[in-house]
Amino acid sequence: MSGHDQPFELPAVGLGTWQMRGETAERGVRDAIELGYRLIDTAAAYHNEEAVGAGIRGSGTDPGELLVVTKFPEEDAGREREVLRTSLGLLGVDKIDLWLVHAPLDAAGSLRIWEQFIKARDEGLVRAIGVSNFLPEQVDELIKASGVVPAVNQIAFGPRYYDADVAPHHAAHGIALQAHSPFSENDLAHPVLRGIADRHGCTVRQVLLRWHRAHGVPVVVKSVSPTHLTENLDAAGHPLEPEDVAAIDRLGINPTRGQPA
Ligand SMILES: NC(=O)c1ccc[n+]([C@@H]2O[C@H](COP(=O)([O-])OP(=O)(O)OC[C@H]3O[C@@H](n4cnc5c(N)ncnc54)[C@H](OP(=O)(O)O)[C@@H]3O)[C@@H](O)[C@H]2O)c1
């Protein structure tokens, strides 16, 4: 069984929208697109797809230039098509660019959802399908059982969860890794991060984004502040010294991945 020849292309920094609601979400999405963000990450469970869709339309940008990502709540297993139609309607798009299983169930449960994902992709309702919060072994089980390789696995990848085996495992299958929660899932006061930030005259958040960049792992970051949105886009463009990357790698304290939001 072969993986993807070319991993799904994700921008280095995408916009996260968890906990954004209503007008704040609409404005946040519009501002982010105007500032250059091209990937917008939402989920049925965030209850903001309508506002996200309004923000996309408000930006005046052709949806064809954007990557709209939404997630299927695994607890809605059995209602995949209904939930997808609702997401399409609320977002106001003809097609979802990337549809993710929000979190794994047991192997049989994940497989049942995945089979519905494959059908939706084959019928052209979604462009690409992927997973989120799957461990490497859960990815392997899904591929073995279905023969279909997820385009993307969106996980908590920050220093707190760093596991050197994860990226090579995904690369071997041609699965694009994407990191969520680069700030909220990491200890921003950690002395190693603080020390690197002080030496470089930047913030700990900028160090974290540069560390993700050094590992070639794109991130989704949430912000409703135009200043923060700009800072986050710029930060990812700057390289970090290899010794700083190695020092941060050593902070990985627990291979348990984050819980879905
Ligand atoms: N697949 C999953 O299960 C899963 C789980 C969690 C998250 N996610 C996705 O990942 C996205 C990001 O994760 P997250 O929302 O948990 O948290 P995050 O992006 O790690 O952090 C967001 C927080 O950081 C602040 N912030 C952002 N940029 C900043 C800057 N430059 N300076 C100072 N503060 C800054 C934001 O406040 P301001 O708005 O005021 O800037 C917000 O309070 C989510 O929104 C969601 O789309 C997915």
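Where is the place of H47? H47 sits in the loop between β2 (39-41) and α2. The views below are taken from a predicted model, in which local features need pLDDT of at least 70 and side-chain atom pairs count only at pLDDT 80 or more, while totals for chains, interfaces and linings use all residues. Residues are numbered from 1 along each chain as its sequence is written, and side-chain values use heavy atoms, with hydrogens and water left out.

**View 1. H47, in the loop between β2 and α2.** Helices (H or I, at least four residues) and strands (E, at least two) are DSSP runs, numbered from the N terminus. Phi of H47 is positive, near 55°, and the residue is other than glycine. H47 has a relative accessible area of 61% and is therefore exposed (buried means under 20% relative accessible area, exposed over 50%, partly exposed in between; 1.4 Å probe, protein chains only).

**View 2. T61, in the loop between α2 (49-59) and β3 (67-72).** With a relative accessible area of 16%, T61 is buried. Not counting residues up to four places away in sequence, T61 touches I33, R38, I56 and L66 (contact means heavy atoms within 4.5 Å).

**View 3. The shell around the ligand.** The ligand has 26 residues around it, of which D41, N133, F183, S223 and H228 come nearest (a residue is near a molecule or strand if one of its heavy atoms lies within 4 Å of it). Nine residues of the shell are nonpolar, twelve polar and five charged; Ala, Val, Leu, Ile, Met, Phe, Trp, Tyr, Cys and Pro count as nonpolar, Asp, Glu, Lys and Arg as charged, and the others, Gly among them, as polar. Both β8 (219-222) and α9 supply at least two residues of this shell.

**View 4. N or O atoms facing the ligand.** An oxygen atom of the ligand lies 2.9 Å from a backbone N or O atom of W18. For V224, a backbone N or O atom is likewise 2.9 Å from an oxygen atom of the ligand. In the side chain of S132, an N or O atom is 2.8 Å from a nitrogen atom of the ligand. Taken alone, the ligand exposes 900 Å², and the protein buries 86% of that (accessible areas come from the Shrake-Rupley method with a 1.4 Å probe; for residues, only the protein chains shown count as cover).

**View 5. N133, in the loop between β5 (126-132) and α5 (136-146).** Although N133 is not a glycine, its phi is positive, about 60°. N133 is buried, because its relative accessible area is 7%.

**View 6. Helix α8 (residues 204-214) and its cover.** Eight of the eleven residues of α8 are buried, so the helix is largely enclosed by the rest of the structure. The buried residues include V204, L208 and W211. Their cover includes β7 (176-180), α7 (191-200), β8, α9 and α10 (242-249).

**View 7. E231, in helix α9 (residues 226-235).** E231 counts as partly exposed, because its relative accessibility is 30%. The C-alpha atoms of E231 and A179 are separated by 18 Å, and the two residues are 52 residues apart along the chain.

**View 8. Residues 255-261, where pLDDT stays under 50.** pLDDT is the predictor's confidence in each residue, from 0 to 100. The protein chain averages 94, and 96% of the residues score at least 70. For residues 255-261 the model has 17 contacts beyond four places in sequence. Where pLDDT is low, the predicted coordinates should not be read in detail.

Note on methods: A polar contact is a pair of N or O atoms within 3.5 Å; within protein, one must be able to donate a hydrogen and the other to accept it, and residues adjacent in sequence count only if both atoms are side-chain atoms.
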